[in-house]
Amino acid sequence: MEKITNPSPWLVKIAAVLLAVALWFYVSYAENPEMNSLVRGIPVSITGTADLRDKGFAVSEISVKTVDVRIKVRRTQLNQFNSQTISASVSVSGISGVGEYDLPLLVTLPSTSASLADRSVTLATVKIEPYSQKELPVQFVPSGEVRGGLVLDEIILSPEKVTVDGAKSAVDKVDSVSTEAVDMSSFTESSVITARLYALDKDGGVIDEASLSSESAVATVSFLASKEVPVQPDMRNIDNESPDSISCTVTPEKVTVVGSASIIDNIEYVMTDPIDMSSFYADTQMTIDLNIPTGVKIAEDIERVSAQITFN
């Protein structure tokens, strides 16, 4: 008669785990039970603001910014429902005067496969004020230093102006409209960027309650190349028999030329206007114009230099 061998305790444990996993899969997906799920932080939007604006009013405050909801949903569909796919809103289209109003909060689910079981808020209080608007120029806000070898030429913004609108109390606080700070050290060449716009009060604080006709501005940031080069006096009519008997030095000895890279790369020095050396008989100090090449600017913003004529 054969002897019956008891299975290994490890085999029993492994079999139990596999059976438990199989059972969990069966209950979770084959049976697909309905379950309660809590979704937090759903943003509350306001609809009907255009109708309200046409009547001359605007929302200045709302008592709730987000709402939590509990939904009933099948397990396999649970991932379809989150704070981005579920929407919550209040409508102000029926309001026709200033004051405070308690309005029903509408929650919309992305699919009829789930139902709303509960919500943290059923009413939202909104404050209505007279509507106001004004137009302000857009200001570009630079930060950091421009890289060496580059000189800022110009910044062109589009749009150049924006309309600030909303409740009168918020619009009245707006003193300026500015771009976000733009790091000038990040530029290596002329570029076109998009910068977010902010409505600011007189102290530089952001006024979120006011709306802007454009949320961003396109900035065309143009740079010129720059290079330091020597200034050379253009000496004419020097006595060929004794060319070393007279000399000319200029101050400053160097200037920084600014222009397009294609021009600046080919400039090795800047000449003065011609100096007739035969007209001098003694040491003389004078000023002389620079012969600045076409398409070039002098960063130091000078057009003349000091020239010292010396007899040796």
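Residues are numbered from 1 along each chain as its sequence is written. Because the model is predicted, local features need pLDDT of at least 70 and side-chain atom pairs count only at pLDDT 80 or more, while totals for chains, interfaces and linings use all residues; side-chain values use heavy atoms, with hydrogens and water left out.

**Exercise 1. Describe the protein by its secondary structure, burial, contacts and surface**.

Step 1. The protein has four helices and 22 strands. Helices (H or I, at least four residues) and strands (E, at least two) are DSSP runs, numbered from the N terminus.

Step 2. Of the 312 residues, 31% are buried. Buried means under 20% relative accessible area, exposed over 50%, and partly exposed in between (1.4 Å probe, protein chains only).

Step 3. Take the contacts (heavy atoms within 4.5 Å) between residues at least 6 apart in sequence: 74% of them join residues at least 24 apart.

Step 4. The accessible surface is about 19,100 Å², and carbon and sulfur atoms hold 50% of that area. Such areas come from the Shrake-Rupley method with a 1.4 Å probe; for residues, only the protein chains shown count as cover.

**Exercise 2. Find the aromatic pair and classify its geometry**.

Step 1. Rings of Phe, Tyr and Trp (its six-membered ring) pair if their centres lie within 6.5 Å; planes under 30 degrees apart count as stacked, over 60 as edge-to-face and the rest as tilted.

Step 2. This rule gives one aromatic pair. The ring centres of Phe187 and Phe223 are 5.4 Å apart and the planes stand at 45 degrees, so the pair is tilted.

Step 3. The pair links distant parts of the chain, 36 residues apart: Phe187 is in the loop between β13 (182-183) and β14 (191-200), and Phe223 is in strand β16 (residues 216-236).

Step 4. Phe187 counts as buried because its relative accessibility is 5%. Phe223, at 9%, also counts as buried.

**Exercise 3. Which strands pair with β22, and in what sense?**

Step 1. Strand β17 (residues 246-251) pairs with β22 (residues 304-311) in the antiparallel sense over six bridges. Here Val250 stands opposite Ala307.

Step 2. Strand β20 (residues 284-291) is also antiparallel to β22, again with six bridges. Asp289 has Arg304 as its bridge partner in β22.

**Exercise 4. Characterise the surroundings of Ala124**.

Step 1. Ala124 belongs to strand β8 (residues 123-139) and is buried, with a relative accessible area of 0%.

Step 2. Leaving aside neighbours within four places in sequence, Ala124 touches Ile62, Ser63, Val64, Val90, Tyr101, Asp102 and Leu103.

Step 3. Leu103 is 21 residues from Ala124 along the chain, and their C-alpha atoms are separated by 5.3 Å.

Conventions. Two strands pair if DSSP finds at least two bridges between them.
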